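These are notes for a colleague who is opening this structure for the first time. The points below go from strands to domains, then to the ligands and the contact between the chains.

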Amino acid sequence: MPVDPITLTIDDKEVTVPKGTLIIRAAEQLGIEIPRFCDHPYLAPAGACRQCYVQVEGQGKLQTSCTVAVAPGMVVRTQNTSDAARQAQVANLEFLLLNHPLDCPICDRGGECPLQDQALAFGPGESRFIDAKRVFPKPVPLSPLVGLDRERCVLCARCTRFCDEISGDRFLELFARSAGERVSIAAGEDFRSPFSGNTIQICPVGALTATPYRFVARPFDLTSGDSVCQHCSAGCNVRVDVRRGEVVRVLARENPDVNDAWICDKGRFAYRHADAPGRITTPLIRDRGLEPASFGEILPWLAERCRSGRVAFLTGGRLMDEDYYALSKLARTVVGTNDLDHRRAFHGGLAEVVAAAAVTDRERSVTYRDVEHAPVILLVGLDAEQEVPILHLRIRKAAARGAKVFVVHPRRTRLHDVAEHLPTRPGHEVFVLDRIREGVDGESFEARAAAALRGAGGSGVVLVGERLAEHPLAADLALAVASKTGSRFGYVTRRANDRGALGAGVHPSLLPGGRRLGVAGERAEVEAVWGSIMASEDGRDAQEILQACADRLVDVLFVIGADPLRDHPDAALTRRALANVGTLVVQSIELGDLEPFASVFLPAAPAAEKDGHVTDWEGRSQRIRPVRDALGISRPDWEIFAGLAAAMGSDLGFETLEELHEEMASLLAPRAMPERPNVWAGAGPPQWLDDLTLFTYPLLVDEGRLSDGAEELKAALEDPAFAEMHPVDAEKRGLADGVDVRLTTAAGDATVPLRVTEHVAAGSVFVPFNQPGLAANSLLSGRSTASVTVAAVDEGSGPEAVPDAALATGPAA
Amino acid sequence: MSLWFEPRLTRDWDDPSMIGLDGYVAKGGYEALSKALAMTDADIVDVVKSSGLRGRGGAGFPAGMKWGFVPRDTGKPTYVVANFDESEPGTCNNRELVERDPHRLLEGMAIAALAIGCETAYLYVRGEYLWQSMVLERAIAQAYAAGHLGPDVQGSGKRVDVVLHRGAGAYICGEETALLNSLEGFRGQPRLRPPFPAVEGLFASPTVINNVETLMNVPDILVRGAEWFRELGTEKSPGTKMVTVSGKVERPGNFEVPLGTSFRIVLEELAGGVLGGRALKAWTPGGSSTPMLTAEHLDVGLDYESLAEAGSMLGTAAIMVMDDTDCVVDCATRMVRFYAHESCGKCTPCREGSWWATRVLERLEDGQGQAPDLPIMRDLGTNLMFRAFCALADGTASVINSSLQHFPDEYEAHVRLGGCPLKVEHLEEVPA
Ligand SMILES: Cc1cc2nc3c(=O)[nH]c(=O)nc-3n(C[C@H](O)[C@H](O)[C@H](O)COP(=O)(O)O)c2cc1C
Ligand code: SF4
Ligand code: SF4
Ligand code: SF4
Ligand code: FES
């Protein structure tokens, strides 16, 4: 029974709903569909289209059911039982169609259009309108992704309200008035929102259309599958539309526990990757000139090498839970190595263990719902909009409900309008966290954050991005802040299934369920299911594995669903490692950049062709279903691991996904964590470093492999490489906005245009990780930060050189 | 001519010094404010309540009651907004009130502010009213200099600031919630109610919005009392009302009359009768958005109740007079075209329906009307009335419905004769 239940009747049927429910929602509960255009369950009521009229007994005028809340004993009649309501709806439809172009035959929305459906269901058969319709040039591009046909627009303001209320970037607005009113965007501006595609999906007509889908399909041509987006750890529920075997569209599927009704543009528009030209569908062997081979040939060959040599496994964050589990077990019980990792170079300490264990302790876990209802949110080391966009929207939703949001990050994020930001030099987050943990007095950011968290009555939320884990203690310190203030704690990994990999123990020192290899009791729990774990010492992490490969200490390196050349924060080391390792086995869906180094390719099936689970940043494991058959003889990763185990004369113990999942479930059940977090001895005052700290993280739309083929997405949202620097630092070096600068680190150098902006912390230089023009890992040595010097490329064309004496005066402020 | 009652709002209109502070003070100006400062805010509200003063902006909502709705314990500031958007066709009485007596408005606003504990009162001025803005800016400066406004009103320690904001020229911005949006810097489109402005208005804070004339009645009420106020007007519509008479009359202009005065007296005594002694054909009692009436209604009293009974509304009391040479279809066309143009675009019936109605009416006027156009017009009236988001479209519907109701033959004649039956005759009779 809902809180404050209210009982009313709609079309003579009784229904009980919580107080505040709108009539239109209450009717839905009875299965009564009141026609609507402007109403959307995730947007504030507008009452603009006037389609949803109902009769409420005792009210002289008809009422719009999308704006009126239920009342006890209310008697509502919809179009089903009220002639007046029906007449009003028919009349309104006539109004809507006056100026409508009725070009359904060439409209992308045709066949799935609410206006078309309603006109068909009860619109007037013929129009009484004989004048010239209003015309607009059509369609106008709002961005390379989104086209607007103003003739089809019914001015429901869903799109503009989305931009205002949900994404908060307010690109779309209504312009002009009366019959000339139209949706538009400021002159000279592009609809540069990473959430732009949602407006297309919620547009109730074919006014907003997706350029990549324009004229591509009719709804009846499509087969659809329910899936989960693979682009980040948000876990967005999506529907994938396939036309003749080709993915042509991705739509958000509503799930109020996860993504509400939204997805980001990357999730929506980066879907061509599985059909990219480099796709491999059979094993390939280098010795035969990368000719196709069968698994039957290749697995025994590989098994032989694995038996005799030193083996290591590197993977990424994009396999299924089941794949990771099979890999963890293969490495530990068949191959006999703990040299496996899915991370780049992060060491999350206890925070990571807590995440891996999916703790039963609710204080130490966070869900989207917790975020939504939190009165206070502290975000450290995460640019949510760029890294986990739907989490960003949920934080905005919380802010709209009144949550106080505090962000500790070296670069301003798009939460800036709803949050307090403390721009913090990378590496200095520990000092901030330490002060928050101590609960310092006064009016400082730290004092207010601490007081707010303490005052949140256990509903405060601390969210920590995995980048923070570069500092050996930072993530644990954040955990300590959460413990001390009684807040919930979330360790937010970035890639779609990092969390699944962590949980399954694709990690040099963690076994499934966050059990530590080095803790006998925890290890024994795993061995009880697996049998003996062959190697008992903690293995090498990703950086160490690559170092070992470079040092020729590894004979066989498996690179599974990952591209360390692009992703590992040490490009030079990766290159040496790949060149020096004996046998490089690339298990992937495509040839990619590793082609010159690979000894063999094993064809893995992409997510669209797989069954299994992925675990989002919350730790929520969600099922995905194949939307089409696997191409060629490519197969799910776990089956390849099982095949290899068999070829090595062993047995992983499962033959079907169900068996695997059942075994896995026993080890991945949430566990109680006995220890409290480390006690932190105090960070001391931050040291001001003379040099600059380079930091980097991937922006949402970049050169990442999964965005291959998403040309419109890149045209709309991808920036070429740049560097950002604080004006204080730029001034000291005599660097002006827009000049080309040379960045030099211990690992290498690069030239990019400079943006001088107060939106990065003084003392730091930001470069995006993987934009066109710069693979930032060429500047890194195993961490996402590095000491850097920045100088104008062309002294002649830059501003006048600043004498050294000026530099010596130190920070200006 | 000598009046049969003592004028109130217009009593000093002959005195040009009233435009300045000295003239106003010489006539007892700002004494009401002193009085209000000595009263509790609840007492101010009570006096206005018992005066029965009703909103002059159109809807006639009791002002004191509105002030009484303002919650005072929300922790948010409260606001007073004076609605000087005056854009209803035919209406210009707020304008003359302000031009001749600007300080009375400021004093009324300040008293309203004291009544609801407001420190910042906004004055929203119709975009086209440039001269009136200048008059007000000057008056505001004088009132500040003399200490009637500002951080320490008349030495009381209370703060009342008045901020003038000029609109950009949109009829809809007179609608109170659209006005609030406009004042906040957003698009002038109405907001959903509830929440009502009294609870969540300007900047989501409790807000009282009153018409200029409403506020200008307040100082006298404080000084002379509620009973005095009720001496004129009717039981339910006490006080006087400014009426603006325009159209086919001998003496168009603004006149103050006790509420309940019959249209006949206004037309014949004040406005000098129909122009050239012609026959009265139709008139709007409260601006073009109120249903038009006919010669049959000459003796209807100009007050909220009598006009409602006659099937119309007091509205802004802007009386537009049409004589027997005026084509009702032509008038309806112009009026509907105005509402179509001023539709804010937010909701379907108003945006599309008024646009369609304009097409059909223009066609009828042009002699292109067809038989099906009349049922279309009737349907448009039905489908616009009470179907839109705000009352603007009800105005559009009123034009259509009332003109069709009273002059169906004239519409039919337009179709039958292929044009306006009055045009030829009319042209012949206009003196050279
Ligand atoms: C379309 C529309 C236009 C309006 N224009 C005005 C206006 O110009 N001036 C005004 O005082 N009230 C106008 N109103 C009425 C206001 O919404 C509001 O009722 C009034 O300002 C309240 O003041 P009062 O109670 O003193 O009359 C308009 C209402 C509508 C629906
Ligand atoms: S473009 Fe679509 S969503 Fe936006 S107002 Fe028009 S019909 Fe509504
Ligand atoms: S937010 Fe993440 S999971 Fe959701 S659609 Fe975007 S990339 Fe995919
Ligand atoms: S009726 Fe609708 S379109 Fe017309 S002015 Fe009001 S809100 Fe705007
Ligand atoms: S759905 Fe109710 S007014 Fe649009």
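1. For what follows, two strands count as paired if DSSP finds at least two bridges between them. The model is a predicted one, and in it strand S21 (residues 461-465) of chain A pairs with S22(A) in the parallel sense, over five bridges. One of the residue pairs involved is A:Val461 with its bridge partner A:Arg488, which belongs to S22(A).

2. These two strands belong to an open sheet of five strands in chain A, whose order is S20-S19-S18-S21-S22 and whose pairing is parallel. Why is one side of strand S20 and of strand S22 left without a neighbour in the sheet? Strand S20 (419-423) and strand S22 (488-492) of chain A stand at the edges and have a single partner strand each, so one side of each has no neighbour there. Between neighbouring strands of this sheet the turn is 15° on average, with direction ignored. Helix H14 (residues 445-454) of chain A packs on the sheet, where this helix touches strand S18 (376-380), strand S19 (404-409) and S20 of chain A, and its direction makes about 130° with that of S18(A).

3. Chain B is divided into domain 1 (16-230), domain 2 (240-323) and domain 3 (328-429). The centres of domain 1 and domain 3 of chain B, taken over C-alpha atoms, are separated by 36 Å. Their contact takes nine residues from domain 1 of chain B and eight residues from domain 3 of chain B. On the side of domain 1 of chain B that touches domain 3 of chain B, six residues are nonpolar, two are polar and one is charged.

4. Also in chain B, the axes of helix H5 (residues 93-100) and helix H7 (residues 130-145) come within 9 Å and cross at roughly 40°, and the crossing of H5(B) past H7(B) is left-handed. The residues that meet are B:Arg95, B:Val98 and B:Glu99 from H5(B), and B:Gln132, B:Val135 and B:Leu136 from H7(B). By class, this contact has three nonpolar residues, one polar residue and two charged residues.

5. Of the 22 residues around ligand 1, the nearest are B:Gly55, B:Gly57, B:Gly174, B:Asn211 and B:Thr214, and the largest share of the shell, three residues, comes from strand S4 (residues 207-211) of chain B. The shell around ligand 1 has seven nonpolar, nine polar and six charged residues.

6. Ligand 4 likewise has shell residues from domain 1 (16-230) and domain 3 (328-429) of chain B, and therefore lies between them. Among the 15 residues around ligand 4, B:Cys344, B:Cys347, B:Cys350, B:Ala388 and B:Cys390 come nearest. Helix H14 (348-365) and helix H16 (392-406) of chain B are the elements that give two or more residues to this shell, which has ten nonpolar, three polar and two charged residues.

7. Ligand 2 is surrounded by 13 residues, of which A:Cys153, A:Cys156, A:Cys159, A:Cys203 and A:Ala207 are the closest. The shell around ligand 2 has twelve nonpolar residues, no polar residues and one charged residue.

8. Finally, the contact between the chains takes 23 residues from chain A and 25 residues from chain B. Helix H2 (residues 83-98) of chain A gives the largest share of the side of chain A that touches chain B, six residues, and by class that side has twelve nonpolar, five polar and six charged residues.

Methods. Residues numbered from 1 in each chain as written. Chains lettered and ligands numbered in written order. Predicted model: local features only at pLDDT ≥ 70, side-chain atom pairs only at ≥ 80, totals over all residues. Contact = placed C-beta atoms within 7 Å. Helix = DSSP H or I, 4+ residues; strand = E, 2+ residues; numbered from the N terminus. Nonpolar A, V, L, I, M, F, W, Y, C, P; charged D, E, K, R; others polar. Near = placed C-beta within 6 Å. Axes fitted to C-alpha atoms, helices over the stretch in contact; angles between N-to-C directions. Left-handed = near helix turned anticlockwise from the far one by under 90°. Domains from an automatic or database assignment.
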